[in-house]
Amino acid sequence: MAEGDLQSIVDELAERLRRSVAIDDPSIRLLAASRHFGDEDALRVSSVINRAVESAVTDRIFALGIARWTAPGVVDVEGARPRLCAPIRCNGMLLGYLWLIDKDGTFTEAELTAAAEAAATAGTMLYRRLLLHERSKARQEGILRELVSPDTAVRTQAIEDLRAEQLFGDDFTQFTVLAAHCRITHTTSAPQQVAFEAAIEDGVGAVADDVALMVANRSRAWLLLVQHQPPSRALVESVAERITARFRGLTDDSARLVFGLGGTVTRLDAVVTSYQQAGLAAHAALLLPSIGELARWGELGPYELLLKLPLDDLLDTSPVPALVALEQEDNHHVLLDTLTEFFDHGGNIQRTADSLRIHRATLYQRLKRVEQITGCSFDNGDDRLMLHLGLKLRTITTAYRDHFGG
């Protein structure tokens, strides 16, 4: 349904009542607004220009309980003129709010009735729009799920179905998957799960000049970015930040959101590769907070190799004998921490000593002690590789056990 349908409701009511009228979505983001009648204030102007109002203002408005209203009522916000708020509902579902600015200090019964009738008409329109949107989204999600299926035949059919949807032209040849994971426990409420999906959908809106399609479930989601060129770091960060901000605005901060960006591919039949990479990258961000909230495939070093291993194999491989021996002799993890810093600084003695805030001579002594306990030599490339990978294995398996309680 076109935005013009809502605009007609707003314009007709405004002309009849000679008052400024607006319709917002349930998050108080502008959907349609009439012309002004000399009753506008700073809040109204800001809403029209920015299509939304500041979060501090919306918090004060929601604190009045308008999300539970079933009939029009007056909202009085500090620094703004009083407003009539008519909740827009259909089949009991809250779909938005219709607003009238009160410049005279009173609303007549006729105005209240007119606002309620307009809100009811808008509710019917928005409900139809919601149904169409949900059907379209469900259709697209079904195709995207099949696009990353392990079955080649299913993926081939999904490619044909996706092209039949005509969501993007043939000149869109860059495909990138951005995965989002939410660490949600078994006690997580249904509203938090709904908030996660709503936040993902809001993130799609951050992709203005290209195409973004989404798949979301209880605690995991992914976006397919369809573009003329690989996504910029700024765009990916903007999408992730918008999703995070929206999620936190709808729920509390206890659940942690992380993101994983897969590599860009140039064929639809290769999207499954970007999808797998994005999922592993998000998993790394969830397990290893030091990586940050957004992990990019291609920037994870040896973790990219280790994350591909089946979990049982990873856990079975992790007890490297040389490091087990070192840990038994190193009660306070001084030698293990020194070895980690040594490899993280590429074996550079001075930078490692500076990082540990110790003298070079002390560092040499510790490294010599590591060689004695492990039986390894830092002059031997294979020994260095084994110790370095062993430390990475130790880090990621410890994270697995901490995360899953294993």
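In which loop does Asn-91 lie? In this predicted model, Asn-91 belongs to the loop between strand 4 (83–90) and strand 5 (93–101), and the legends below begin with the sheet that contains both strands.

**View 1. An open antiparallel sheet is built from five strands in the order 2-1-5-4-3.** Strand 2 and strand 3 (73–75) stand at the edges of this sheet, and because each has a single partner strand, one side of each is left without a neighbour in the sheet. When direction is ignored, neighbouring strands are turned by 30 degrees against each other on average. Helix 2 (residues 42–50) packs on the sheet and touches strand 1, strand 2, strand 4 and strand 5, and the direction of helix 2 makes about 110 degrees with that of strand 2.

**View 2. Strand 4 and strand 5 are joined in the antiparallel sense, with Asn-91 in the loop between them.** Eight bridges make up the pairing of strand 4 with strand 5, and within this part of the model Cys-85 stands opposite Trp-99 of strand 5. In the loop that lies between the two strands, Asn-91 has a positive phi of about 55 degrees, although Asn-91 is not a glycine. Asn-91 counts as exposed because its relative accessibility is 65%, the cut-off for exposed being over 50%.

**View 3. Strand 1 (residues 21–24) and strand 2 (residues 30–33) form an antiparallel hairpin.** The two strands are joined by three bridges, and Asp-24 has Leu-30 of strand 2 as its bridge partner. Five residues lie between the strands of this hairpin, in which Ile-28 takes a positive phi near 60 degrees.

**View 4. A second open sheet has five strands in the order 7-8-6-9-10, with mixed pairing.** Its edge strands are strand 7 (211–216) and strand 10 (294–296), each of which pairs on one side only. Neighbouring strands of this sheet are turned by 20 degrees against each other on average, with direction ignored. Strand 9 (residues 257–261) and strand 10 run parallel and are joined by three bridges, and in this region Phe-259 stands opposite Leu-294 of strand 10. Helix 7 (residues 233–250) packs on the sheet, where it touches strand 6, strand 8, strand 9 and strand 10, and the direction of helix 7 makes about 155 degrees with that of strand 9.

**View 5. Helix 4 (residues 109–147) lies across strand 7 and strand 8 (220–227).** The helix runs at about 85 degrees to strand 7. Thr-113 is found in helix 4 and is partly exposed, with a relative accessible area of 40%. From C-alpha to C-alpha, Thr-113 and Pro-72 are 8.9 Å apart in space, while in sequence they are 41 residues apart.

**View 6. Gln-166 lies in the loop between helix 5 (152–165) and strand 6 (174–182).** Although Gln-166 is not a glycine, this residue has a positive phi of about 55 degrees. Gln-166 counts as exposed, since its relative accessibility is 68% and the cut-off for exposed is over 50%. A separate aromatic feature is the cluster in which ring pairs link Phe-168, Phe-172 and Phe-175.

**View 7. Helix 12 (residues 334–344) crosses helix 14 (residues 360–374) at roughly 105 degrees.** The axes of these helices come within 10 Å, and helix 12 and helix 14 are therefore roughly perpendicular to each other, as angles of 65 to 115 degrees count in this way. On the side of helix 12 the contact is made by Val-334, Leu-335, Thr-338, Leu-339 and Phe-342, whereas helix 14 contributes Leu-363, Arg-366, Leu-367, Arg-369, Val-370 and Ile-373. These contact residues divide into eight nonpolar, one polar and two charged.

**View 8. Phe-342 and Phe-343 form a tilted aromatic pair.** Rings count as a pair if their centres lie within 6.5 Å, and by this rule the count comes to eight aromatic pairs. The ring centres of Phe-342 and Phe-343 are 5.6 Å apart and their planes stand at 55 degrees, so the pair is tilted. Both Phe-342 and Phe-343 are buried, and Phe-342 also takes part in the contact of helix 12 with helix 14.

Methods:
Residues numbered from 1 in each chain as written. Predicted model: local features only at pLDDT ≥ 70, side-chain atom pairs only at ≥ 80, totals over all residues. Heavy atoms only, no water. Phe/Tyr/Trp six-rings, centres within 6.5 Å; stacked < 30°, edge-to-face > 60°. Buried < 20%, exposed > 50% of the residue type's maximum accessible area, 1.4 Å probe, protein only. Helix = DSSP H or I, 4+ residues; strand = E, 2+ residues; numbered from the N terminus. Axes fitted to C-alpha atoms, helices over the stretch in contact; angles between N-to-C directions. Parallel < 35°, antiparallel > 145°, perpendicular 65-115°, else oblique. Contact = heavy atoms within 4.5 Å. Nonpolar A, V, L, I, M, F, W, Y, C, P; charged D, E, K, R; others polar. Pairing = 2+ DSSP bridges.
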